[in-house]
Amino acid sequence: MPSLNYRCYAIPEISALRHPLILGVTPPPQCPHSIDKKPFAYTMMGGEGRISLNLHRKLFHIFIVLLTLYAGWSCVPSDQGSAGTNLIPKSKDTQVVILGTGTPNINPRRFGACVAIIVNGKPYLVDFGPGTVQQASAAYEAGIKALAMQNLTIAFLTHIHSDHTAGFADLILTPWILGRTQPLRVFGPPGIIAMSNHILSAYRRGIRMRIEGAEKADPSGYKVFSEEIKPGLIYEDDNVKVKAFPVKHGAFQYAFGYRFETPSRIIVISGDTIPTESLIANATGCDILIHEVYSMAWFQSHSPKDQKYHASSHTSSLELAEIANRTRPRLLVLTHQLMQPEETEQDLLNEVRRHYKGKVAYGRELNVF
Ligand SMILES: [Zn+2]
Ligand SMILES: [Zn+2]
C-alpha cells in the first residue's frame, strides 16, 4: 500500500495547569420537526369550565403525543430517497450514512461535508467538516449504533478546504474525552500531517490536563496517526479496500476522491471536483456514487470571475448527468449542493433527471442508504 510520510504525533511534555478547562457544551442538533413548547393558555374558568378544561387538556396531551411520535419518526434516518421510495436494496453488511452535505455557505440546517461508510459495524468517515461529531451523535441516537464515539477511529480526507476539515479538532478530541482509547487514523493529501500536529499543539495544555488531572483520561485516545497518501490502494482490512484517485479542484495540487469496496457494495465519493476521467474510471458500474453538484441557476447568478472559479472547481448538474450516463451507478446521491435560496430539492433533481434517467437521490443529513 503506497503511502508517504507516516507519522505518529503525541503532545510534548508540559507542566500541569492550575486552572480547569471549561469546555463549551453545544446542544444536540435541532430536529426541524421539534415541538415548540410554548405554554398553553387556557381561557375557560369555573365549574363546567373545569370539565371542559380537563377535556381540552386531555385532547391537547393526545395531540402532543401524536405530534411527538410524528416528529420522532420523521427524524429517524431513513433509507428512503428524496422521492420517498427505496432507491437501492439494503445491504446485509454495508450502510452509507450522510452526516453532512454542507458547503462553505453557512446554513443552520446543513452540516459540513462528511459521509460515514459502515461495514460490519465499523465506521469509516470521509471528510470531517464542521458538525461531524455532532452528526455522528445524532445518527447514534437515531439507532446507528456503529457511530458511537469510541468507534470513530478512522477517517479519509478528500482535500484540505475548511468545509471538509473544520470538524477535525472535534473528531480528535471529543470521542477521546467520551471514551475512545485508540488513536485516530487519518489518510489524506499532503498537509494533513501539519494540520494534525498544529491542532494537537494548540490543545496540548487541555490534553495534558485531562490525562494528568483528576479525569485520568486514556493516554492514547487523543493521538493522531496521519498518512499523506498517493493515488492507489491506500487502506485495506477485513471489511474494505479503499482506493484514492486524483480529482481536479481549482488550484489544489492534491485533491482526492475515494472508492470503497466492501463485501457487498462499491461506493465512490467524488470529493470536490470538476468532471475528471479518474472518477469515471473508478465509478463505472459502482453501487452508489456520492457526487458534489451545483445548479445552473446558482452558477448563472455569479459574476464572470466567480463563474470562472466554480467552473474550474465544481461540477454542474448537467455535467453530473453526463458523468452518471457514463458511469451508470445503481444510485447517484447528490451532495455538497450549491443552489439558489429559492430553488428546491426537486428543482435540482429535475435538472439532473432531464439528462439522466437512472436513480438519483438528493442527499440530506442523516439519510441512510
Ligand atoms: Zn467543499
Ligand atoms: Zn473544496
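How many residues does the hairpin that joins E8 to E9 pass through? The legends below take up this question first and then turn to other parts of the chain.

This is a predicted model, in which local features need pLDDT of at least 70 and side-chain atom pairs count only at pLDDT 80 or more, while totals for chains, interfaces and linings use all residues. Residues are numbered from 1 along each chain as its sequence is written, and chains are lettered from A and ligands numbered from 1 in the order in which they are written.

View 1. The hairpin joins E8 to E9 through 4 residues. Helices (H or I, at least four residues) and strands (E, at least two) are DSSP runs, numbered from the N terminus, and two strands pair if DSSP finds at least two bridges between them. E8 and strand E9 (residues 241-246) are paired in the antiparallel sense over 4 bridges, and glutamate 236 stands opposite lysine 241 in E9. E9 and strand E10 (residues 256-261) also run antiparallel, joined by 6 bridges, and here lysine 241 stands opposite glutamate 261 in E10.

**View 2. The open sheet of 7 strands.** The strands follow the order E8-E9-E10-E11-E12-E13-E14, and their pairing is mixed. Strand E8 (232-236) and strand E14 (360-362) stand at the edges with a single partner strand each, so one side of each is left without a neighbour in the sheet. From one strand to the next the twist averages 25°, where angles run from 0 to 180 degrees between N-to-C directions and axes are lines fitted to C-alpha atoms, for helices over the stretch in contact. Strand E11 (residues 266-269) and strand E12 (residues 288-294) pair in the parallel sense over 3 bridges, and isoleucine 269 has isoleucine 290 in E12 as its bridge partner. Helix H11 (residues 345-353) lies across strand E13 (331-338) and E14, and runs at about 155° to E14.

**View 3. The largest nonpolar core.** A nonpolar core is a set of buried Ala, Val, Leu, Ile, Met, Phe, Trp, Tyr and Cys residues joined through C-beta atoms within 7 Å. A residue is buried if 20 or more other C-beta atoms lie within 10 Å of its own, exposed if 12 or fewer, and partly exposed in between, with C-beta atoms placed from the backbone. The largest core has 84 residues, and those with the most contacts inside it include Leu99, Ile267 and Val333. Strand E3 (residues 114-119) gives the most to this core, with 6 residues. Two residues are in contact if their C-beta atoms, placed from the backbone, lie within 7 Å, and valine 333 touches Ile288, Leu289, Ile290, Ala361, Gly363 and Phe369, not counting residues up to four places away in sequence.

**View 4. The two sides of helix H5.** In helix H5 (residues 192-202), the buried residues are Ile192, Ile193, Ser196 and Leu200. They cover an arc of only 105° around the axis (the arc of the directions from the helix axis to the C-beta atoms), which puts them on the same side of H5. The face turned away from this buried side carries the exposed residues Ser201 and Ala202.

View 5. Arginine 328, in the loop between helix H10 (317-327) and E13, has a positive phi near 50° although it is a residue other than glycine. With 14 C-beta neighbours inside 10 Å, arginine 328 counts as partly exposed. Histidine 336 lies in strand E13 and has a positive phi near 50°, but histidine 336 counts as buried because it has 25 C-beta neighbours inside 10 Å.
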